Structure formats: structure tokens, C-alpha cells
Amino acid sequence: MRTRLGDFSSLSEPLLPVPLLSQSSVDERIDAIIAPLTRVVENLILFPMPIPGSDAQVPFVVLWLVVAALIFTVYFRLINLRGLAHGFRLVRGDHDDPRAAGEVTHFQALATALSGTVGLGNIAGVAIAVSVGGPGAVVWMILAGFLGMSSKFVECTLGVKYRLVHADGSVSGGPMWYLQRGLADRGPVLAGLGKVCAVVFAVFCIGGSFGGANMFQSNQSYQQVLAVTGGADSWFADKGWLFGLILAFFVALVIIGGIRSIARVTSKIVPVMAAVYVSAGLVVIGVHIDQVPAAFSLMFSSALGVNSVAGGALGVLAIGFQRAAFSSEAGIGSAAIAHSAVQTDEPVSEGLVALYEPFIDTIVVCTITALVIIMSGAYTAGGEMGGVELTSQAFSSVISWFPYLLAVAVILFAYSTMLAWAYYGQKCFAFLFGDSRAVANLYKALFLMFVVLGASLQLGAVIGFSDAMILAMAFPNLLGIYFLLPTVRRELDRYWAKVKAGTLPNFRDR
Amino acid sequence: MSELYLVGFDASDCARRAVDEAARLGARASARILLCYVIPWSPFTFSTAEENAQRHRRREEELDRATSRILAPELQRLESSRLECGITARHGHPARTLVQLAREHEAAMIVIGANGDTPLMTRILGGTASALTQISPCPVLVVP
């Protein structure tokens, strides 16, 4: 995940403590001008709904995401459970035709999508969930991640089914294409709706790619560098703009310079970092192995509202669902852009592979983080701590040097998230304004500008606003998907019949 | 139908000697010859979204280049032998892909140069020739 929730002070905290360092008067003035406007938009999108019987609130968009995920899970008869085994065989390459060797494999599509999703959410999001909602929130987070797998399945199936193969052989796919092309098949009224949904989606996606996936990431990596290099005494303390420029330079190397080696190195380092993070988590859990049953029973008992911190069982549920939505991006539509480049004649096959995205991101990695935080007891000790700092402290109780590694991981995750979203945003920009070099360059220039802005300004309101933009992508995306569900169902039934009959070509035995 | 000799070719001198040897033996047995170039590739690498979107086009380019720049000149050189010759390029793990091709074409023998493109790569990856001798479904002729 990449985002922090906008302006729900009761539910959200910044992922990192934001020191009041470069609060220049210019920043404040910009903030003051923009704030009222962004708050209106933010409240529209994140419209907080009170939960009856408690004083907790849940943003409407979170309900929208969870309800959709639940509907998909029921409509596709627990595809998130029954598709896992076959999905694994697809990732392993059992059904990859050797004559198509050299094309994008299921594994590669999944790995690419994951490197855009695994990030701050797994490190900081869980910490926030635990510190605000108590250990019980993790149970709901896992449940929401499980339901979210169905959303990913639908998105990525559609992404492949309605992708566009250009004359030069390159591929474009994602919600803007399946909303437009998919709904166009279903009569003039829905065609109009599809077009509107596609355009609205593209606008939100561009907004999100400048904000939550860019300024926010840049801002958080700057804070992380500050924290490691000595806080307010750091040499970087009042040089946010410089950090922003350096970061923008590295982003530019890839997105403008087209230096593939850097992109390739990043795409290799991120999975390695994720593996290191997971192993470190397992080490910490291993040291406290005797406490695992207690930690689980604490999680489940507080999930139902016993000893919970915020607003009874429903309040805990709201926090868990919310963090899962941010972490896995299921229903947001972004991952479908990355998944649609896969080589396959069966759209459903990529949907089944995509099940693993929320599974790894939200269920495996988040559970490990949660166990580490709960078992170390760090969440009860630090009153004001939340986000990365809390996770960092929890790990350092066993592995003392881990905070440094975590700082590097945060920056790399942020970097890879920025690169992934620069691509998503560029695709949406091209969808709106045409696929030309000038348009692409304009987008890239804007993107880089926001990298610098993100690190040098403390614009809470703007960041909150652009976070809302990422979540808002779920409105046009899921609205359109509801009308496309029968199509996915037909595809799935046809494919599943093949799997059951064993007529799907299998190349593993050869 | 006559026998087929499959020759792993990578444009190195050693591979050229392998081709010559295959042609010499092929002339005696009136066998057919298939020149194969394997573009090293793995299904389990990590790539960016941009690369993935361009992948199909790049794959075609890579196959074109392998066929026109590497395999075609060698095929021309073989013309004088008057043997029935074919060429094919494919992505994958060199040894395993050659085995796959040998199975697909029911090759009678695989002919391969003892050294690959660079000695360093041979040292690290263990060499295609030595891997082939262990996993090939048919006899392997390693040409020094």
C-alpha cells in the first residue's frame, strides 16, 4: 500500500511522525489556500459513515470496497479459495507453452504487480492498525485481504480480456480499457457509462500517481532519511528540496533516461528486500515461538471487541478493513494495468494468478508484521508511536540493527512504488490525451515536479487529497465491473470446465 | 524419412566446427540438419511493467535478429554441402531448450561445440555441452 488515510483524525495517524522542520510561511500559505477545497473533495470521497452502536466511523469508500469484494467472493463461489491450487500451478509455469518462451510469463506479471503493491502498507499500515485498533484489527485485515483476492481476480481477468494490442505488438490494458471496451459490448446506455467511468478512472489514477503514489512516498522517504541521520540535527534537516531533487534525478534516470538497468536492478532488489523482511520477521517470531499461541488468541479475542482500543468490535473491524484496502489495492484497479501484459489466451488464468497478490501482500506479509509487533509488546509501550517507527522498534527488540535495514527498505519500496505508478499514470494520461511522445514527456515532467514538491513541502491537505484520489479510483472501477460480472462468470465457467476435464495443455511432464 | 541432426549454434568458432562436423557426418548418412540458436531467457526473472508491455515486440525483434544475423549466414555456408538444412531460434535455458527441440523434431543426435560464447559464462553456468550430455534423449556429439 501507499496511502495514509486523509483526514480521519480518529482513525488515522501519519505513517511517520512528521517533524515540524521546514514549515516555511510559503508552505503554510499554500496549505491554507488549498486546504478548504481539498477537504470538501476529501469528505466527498472518503465520506465517513458512523457505525451504529459505536462512536467509530468508517469511510464510505472502504465499505464500497469490502462490499464489492464480498459480492465477488459469493458470485464466483469462493474463487479466492478454490482457485489457489490451480493459480500456483500457473505461476510455476505448468501451462506455459515452450513455443511461447520469451513472452511475459504469469510469474513475471505477478512479480511486477507485486513490486508496485508491497511497500509502506505492509510495514507501516499494520503498525497503525495495531496501535489504533488493537491486535484484533489484524484479524479483520486478514479477512478483508482474503475477500480482496476475489476483487483482484475479477480486475485482472478483465484487464487481460479487454486489453489492446497495438500495431507494433506492444500491449495496453487496465480499467480504462475494460471499462470502455467491455461496457461498449453491452448496449448504448452502458457504452456511455463505460466511457464516463473510464475517463473518471483515468483522471483519478493520474491524481493518485502524483499524490499518494508520488508526493507521499517522496515525503515519507525523506522523513525516514531524517530519522536515521539524526532527526532535527540531521544535515538534511532543512534540505527537503535537495532530497527531492536527488530522488527526482533517480526517478528521471528510469522514466526519462529509459535506463533499463536501474529499473531492472530495482525490480530485483525489491523482491529481495521483501524476502529479507519476511525472513527477519520469521526470525523474530522464531525467537518468541512460545508466545505465538498467546498472540493468536489475543488477536482473536480482541477482534470480537474484548479489550479493544477503539469503539468495540465494529470499530476494530473498520480499522482492519481500511488498512487492508490500502495495503492490497484490491478493487482500486491499479494492478490490472500491470497484469494485462501477460502472454495468455485465457484471461481467467491471469485472474487466478492475481489471487496471490493480496494473499502475499496482505495475508502473509501483514500477518508476519502483526505477529512481530504483538509479540514484542512494542505497541503497548510506545504511547505516541505509530507507523514505521513502531515496526522498527518491534523488530529491533530482537535484531538490533534492523532499523537501518528498514530505512533502506522503506526508501526502496517507495522508489519502486513511484516507478510503478509513474507507468500507471502515464498509461492513463495517454488514454486521455493520446499516445504521443510529447504527451508522455509532459506527464513525466509533471511527475518529477511532484517528486520534488513532495519532499520539500509539508502539505498535509494536498497529500490527503491525493490519497483520496487513489481510493476514488475504486468508484468508477467497481461500478463498471458490476456490469461485467456475467462476462467474467462465463469465462470462468468455460475455463474451469477445461481444468476439471484436464484438457488444458500441460507442459510440465515433458 | 532421413535422420535429423540438431546443431546448437551460437556464432562462436567452436559452434562453427560443430556445424562442419555435423555436415561431414550428415553427408555420409544423408541426414537432415537443423541449426538452433537459443536466446538465453528464464520465465522466473523480474521485470518492469514497461518492459512487460513491450515484451512481445522485443521477442519478435530478438527472434528476427537471431534468424537473420546469426542463423542465416551459417545456413548459407552450409549450402555447398547440399544437405537438407533448416534453422530455428527460440528463447529459454540453452540445454533444456535444445533437449525440447530434439524431442519435438525427433532428432537422432545433438551436435554442440564444447565451449560457448565466453569462457567465463561457461565456467559459471557449467556449460551447455556438459548439461546436454546428462539430460539429452539422444546421443550428443561434443565438438572441441
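1. In this predicted model, chain B holds an open sheet of 5 strands, ordered S3-S2-S1-S4-S5, with parallel pairing. Strand S3 (85-92) and strand S5 (140-143) of chain B each have a single partner strand and stand at the edges, so one side of each has no neighbour in the sheet. On average, neighbouring strands of this sheet are turned by 25° against each other, direction ignored.

2. Strand S2 (residues 32-40) of chain B pairs with S3(B) over 8 bridges, in the parallel sense. Within this pair, Ile33(B) stands opposite Cys85(B) of S3(B).

3. Two helices of chain B pack on the sheet. Helix H3 (residues 94-104) touches strand S1 (4-8), S2, S3 and strand S4 (109-113) of chain B, and its direction makes about 135° with that of S3(B). Helix H5 (residues 128-135) of chain B touches S4 and S5 of chain B; the direction of H5 makes about 160° with that of S4(B).

4. On cavities, the count is 4 of 30 Å³ or more. The volume of the largest cavity is about 90 Å³.

5. The lining of the largest cavity comprises Leu65(A), Val66(A), Ala69(A), Ala144(A), Leu147(A), Gly148(A), Phe321(A), Ala324(A), Ala325(A), Ser328(A) and Ala330(A). By class, 9 of these residues are nonpolar and 2 polar, with no charged residue.

6. Which helices of chain A each supply at least two residues of that lining? They are helix H2 (60-75), helix H7 (136-161) and helix H13 (312-328). H13(A) gives the largest share, 4 residues.

Note on methods
Residues are numbered from 1 along each chain as its sequence is written. Chains are lettered from A and ligands numbered from 1 in the order in which they are written. This is a predicted model: local features need pLDDT of at least 70, side-chain atom pairs count only at pLDDT 80 or more; totals for chains, interfaces and linings use all residues. Side-chain values use heavy atoms; hydrogens and water are left out. On a 1 Å grid over the protein atoms alone, a cavity is a set of points where a 1.4 Å probe fits but cannot get out, and a pocket is an open set with protein on both sides within 12 Å along at least five of seven lines; lining residues have an atom within 4 Å of a point. Grid points are joined across faces, edges and corners, and a volume is the space filled by probe spheres set on the points. Ala, Val, Leu, Ile, Met, Phe, Trp, Tyr, Cys and Pro count as nonpolar, Asp, Glu, Lys and Arg as charged, and the others, Gly among them, as polar. Two strands pair if DSSP finds at least two bridges between them. Axes are lines fitted to C-alpha atoms, for helices over the stretch in contact, and angles run from 0 to 180 degrees between N-to-C directions. Contact means heavy atoms within 4.5 Å.
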